[in-house]
Amino acid sequence: MTSLLVIIVLFLLSVALWQLTKIFDLTQINAASNDSGIADDNDNNVHGYLMFGFLAFIYIFTIYGLIKWGSLPLHTPASAHGGMVDNLMNITWVLIFIVQTVTQALLYYFAFKYRGKKDQKALYFADNNKLEVIWSVIPAVVLAGLILYGLYAWSNIMFIDKDEDTIEIELYAQQFKWTARYAGDDNVLGKANVRYIEGVNTLGVDLADPNAQDDVATTELHIPKGKKIHFKMRSQDVLHSAYMPHFRAQMNCVPGMVTEFSFTPIYTTTEMRDMPFMQEKVANINAIRTKKSAELQANGQPALDPYTFDYLLLCNKICGSSHYNMQMKIVVDTPEEYKKWLKEKTTIVNEVKTANAAPAAEEAGSKPADTAKPAEAKMIAAVVKK
Amino acid sequence: MSAEALDHAHDHAHDHDHEHHHKDTFITKYIFSIDHKMIARQYLITGIFMGIIGVGMSMLFRMQLAWPEESFKVFNFFLGDKFAPNGVMTNDMYLALVTIHGTIMVFFVLTAALSGTFSNLLIPLQIGARDMASGFLNMVSYWLFFTSSVVMVCSLFVESGPASAGWTIYPPLSALPQAIGGSGAGMTLWLVSMAIFIASSLLGSLNYIVTVLNLRTKGMSFTRLPLTIWAFFITAVIGVISFPVLLSAALLLIMDRSFGTSFFLSDIYIAGEVLHYQGGSPVLFEHLFWFLGHPEVYIVLLPALGITSEVIATNARKPIFGYRAMIMSIIAIAFLSTIVWGHHMFLSGMNPFLGSVFTFTTLLIAIPSAVKAFNYITTIWKGNLQMNPAMLFSIGLVSTFITGGLTGIILGDSTLDINVHDTYFVVAHFHLVMGISALYGMFAGIYHWFPKMFKRMLNKNLGYIHFWVTAVCAYGVFFPMHFIGLAGLPRRYYTNTNFPLFDDLQNVNVLITTFALVGGVFQLVFLFNFFYSIFYGKKTVQNPWKSNTLEWTAPIEHIHGNWPGEIPHVYRWAYDYSKPGHDDDFVPQNVPMKPGEEQLHH
């Protein structure tokens, strides 16, 4: 079936090609000069018009794109600095569209207008210092403005004030999953190194470090709304990149060093879900998924789950074969929910203790071990899962 | 350069007249040739074969992106049972294809085939020299390039798969076979191939520089050089400055991989054990890589812009506007290109202050680029445009150079880069500004100088079809890509189906792939035209485009030493098109100034 399709496509393409050659042949009135391989007036005319047509194509394609796909780019940012980023982005876009529209118009219009004619003579116009100055200075001034705004925003985003009251969270990357480590009550992350990795201590936390005693590891990232979060990134194997598109946040995770990024979330997950643009987007995605599910079910495959919006942390630096599926769910809670959620978590130190206790209890071989084991096993599974 | 050198060149050229009386055998003429025109053709044909592989690969992975994990016979045919069981491409193979596509297109097609072909062909012919400064080194340069191509192609067939850590081969992924299958023998061959490639590129570049400095004919001052030569010359200079740095990065990576050093690796736990590496930094590799990697963009682009300058002026029958400003822009771009590499690393974990510095230098580069774009447009203004296929591709280049260049303002700004870094937005940007633009430059060069290379004309109607389909498809592929990039879609994902968030981007991906497949298939028109015309094209006249530069004063028949008898002397710049006071609308460089004729440009 596929091969038949390929043959048909190839056949149609060759027919199209043949016809196109014929059309071009027909457009050549003066057949004698045609085979020289050099454009004659007729070619100049045809391709002058086509140049103009191509300008129309670019404009129409741009407008079509803006209408059809204009809703796809990321919308309302969910972080405090996101507004500034998006603002600079929008200013830049306005500028780009103006320059693009004007320069492409000039280029293709001139190509059309000055298409060659036999008796036409080009203007000998070799240089003009005034023009050169104008189009060096205008970009320089405009760019200076963009650079200043950009640098101002960049320093605001990237330089983290050490005295500021932030919540410290470690994002730990490995092939192909993310783990978050919370600093606990002391808000200081305990020391860690890959050389400490052992058993359930998958993050390599130094269990002897006093600061590490209250650290908590989770496979889902919860953060409270309205509080600045100071992320510290580590990787245990290859480069990864912690990309949180909805928060306009990204930073590479580099083995051997700790990288940083900080932002303040301003909308909880629920608030974001309720925004009209988001509801529209989710409805659209679900319509696509329902359609696809119908197809799948017709082939006897399981249907797709309906989609609800969640913030995501994606890996955005090629990191191996399953790079395409390295993700973690982010939940922005209200401060109260966040506290409650964190309180229920077990510290890494306790997890290690229980994990070590389990084999010990097993060795004892008595009754209590049977009751203790399933619960612990579940807890370990919770850590290893996902 | 002093007159002394010129005299020397002149004398040297005379010596050559009497050297080439020995008879060529098949081997010295077609294989181990030291004639620059033959070497140029060798570069071009090798490059075209590599291009077929590179473009073919992109068509395969575009199909995977549009119809993820679906079965295609063509996958099974090309990739085999191991990498496409039942016709479904594996995730490892996807990454390998993306990696090798990037490597081949950037280095083997757009660096070697573009620069190698046209620098070799045009430098001696346009400056009025008998051959390159060292024909032997030139031959060695080509054969090293050929060897590196063969090694790269061989790496596709190793058992654990070809290199698949992305064309930027960031360690630790590229250093550890445990991390990905392609980082085994495939990566070793990749590094060996690139090391040979760099040696080839350096030999070539040194030769170009020496030739331009020493072998210009009498009267060919630097301010009379055609812009093509300026572009090739400056390209060679930045190649010599930056390629050795990549060589050292590659050597250090080989040491880390094979001899247990820790230049780029530290604190790694993989496959259940802690590795011994300590104290190295992957960020160091990124610095070394991009110290070449960014100038590389201009090594690719400048020759294309040089070719375009020449083709646009010739076909507009009008002097290039702002000749000196064009030279200044080339030099400014070359200088700035060596101090902007950090804009690839805003989020690599380097100090954010460095990010500020690189934002500043990066946005500066927009100024000379803007000057070039405006100068091209002004050159077209009030011209008498001859719509030859080369001209169409040159106009296309100016268009994609602007479209792709403008989005550089977003990516070069560290603040905005945070959210579009490593998404499809980047892919769209650099494909338009350096991929498509440089390819257009290469096509323009091929259509324009085909008669010089192969003594026959390309069929123009096939050329027209080739251009218009390619032009529509190039925008069709890369324009929609900006939207999915802005939606946050990361590049190098084998499939996006694990993110329901991206489900609404799938139909855009199908559209992109459709354009890519049609555009790719229509390159067959070019291939047919190219190979058919080599043998059966219409015989050319000596100066088909009525061009001013010296290569068209040489006879159609290729001879050692380029010109029978004396080398032409140069009396004017290369752009006296439609000059008032002359009967023809072109005045070749070797035509002496008429009595009382004034130089009308500055």
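Reader: In what order do the five strands of the open sheet with mixed pairing that includes β1 of chain A follow one another?
Author: This is a predicted model, in which local features need pLDDT of at least 70 and side-chain atom pairs count only at pLDDT 80 or more, while totals for chains, interfaces and linings use all residues. Residues are numbered from 1 along each chain as its sequence is written, and chains are lettered from A and ligands numbered from 1 in the order in which they are written. Strands (E, at least two residues) and helices (H or I, at least four) are DSSP runs numbered from the N terminus, and two strands pair if DSSP finds at least two bridges between them. On that basis the pairing in this open sheet is mixed, and the order of its five strands in chain A is β3-β2-β1-β5-β8.

Reader: Which strands form the edges of that sheet?
Author: The twist from one strand to the next averages 25 degrees, with axes fitted as lines to C-alpha atoms, for helices over the stretch in contact, and angles running from 0 to 180 degrees between N-to-C directions. An edge strand here pairs on one side only, and in chain A this applies to β3 (216-218) and β8 (259-263).

Reader: Which residue of β5(A) is the bridge partner of Leu171(A)?
Author: Strands of a sheet pair through backbone hydrogen bonds, either parallel or antiparallel. With β2(A), strand β1(A) pairs in the antiparallel sense over six bridges, the two forming a hairpin with two residues between them, and there Leu171(A) has Ala180(A) as its bridge partner. With β5 (residues 229-235) of chain A, β1 (residues 167-174) of chain A runs parallel, joined by seven bridges. In β5(A), the partner of Leu171(A) is Met233(A).

Reader: How many of the six residues of strand β2 of chain A are buried?
Author: Besides its hairpin with β1(A), β2(A) is joined by three bridges to the antiparallel β3(A), where Arg181(A) has Ala217(A) as its bridge partner. A residue is buried if 20 or more other C-beta atoms, placed from the backbone, lie within 10 Å of its own, exposed if 12 or fewer do, and partly exposed in between. Strand β2 (residues 177-182) of chain A is largely enclosed by the rest of the structure, because the number of its six residues that are buried is five.

Reader: Which residue of β10(A) stands opposite Leu221(A)?
Author: Another open sheet of five strands, again with mixed pairing, has the order β4-β10-β9-β6-β7 (chain A), and its edge strands are β4 (221-224) and β7 of chain A. The strands β4(A) and β10 (residues 327-333) of chain A pair in the parallel sense over four bridges, and helix α8 (residues 335-343) of chain A lies across both, running at about 140 degrees to β4(A). Within this pair, the residue opposite Leu221(A) is Ile330(A).

Reader: Which element gives the largest share of the side of chain A that touches chain B?
Author: Two residues are in contact if their C-beta atoms, placed from the backbone, lie within 7 Å, and the contact takes 107 residues from chain A and 116 residues from chain B. The chain A side divides into 62 nonpolar, 33 polar and twelve charged residues, where Ala, Val, Leu, Ile, Met, Phe, Trp, Tyr, Cys and Pro count as nonpolar, Asp, Glu, Lys and Arg as charged, and the others, Gly among them, as polar. The largest share of that side, 15 residues, comes from α5(A).

Reader: At what angle do α3(A) and helix α16 of chain B pack?
Author: The axes of α3(A) and α16 (residues 460-486) of chain B lie 11 Å apart, and their crossing is right-handed, meaning that the near helix is turned clockwise from the far one by less than a right angle, anticlockwise being left-handed. Their contact includes Phe54(A) and Phe61(A) of α3(A) and Trp468(B) and Tyr475(B) of α16(B), and by class it has 14 nonpolar, two polar and no charged residues. Angles under 35 degrees count as roughly parallel, over 145 as roughly antiparallel, 65 to 115 as roughly perpendicular and the rest as oblique. The two helices are therefore roughly parallel, packing at an angle of about 20 degrees.

Reader: Is Phe72(B) buried or exposed?
Author: Phe72(B) is placed in the loop between α3 (36-66) and α4 (73-83) of chain B, and its C-alpha atom is separated by 8.0 Å from that of Asn86(B), 14 residues apart along the chain. Because 20 other C-beta atoms lie within 10 Å, Phe72(B) is buried.
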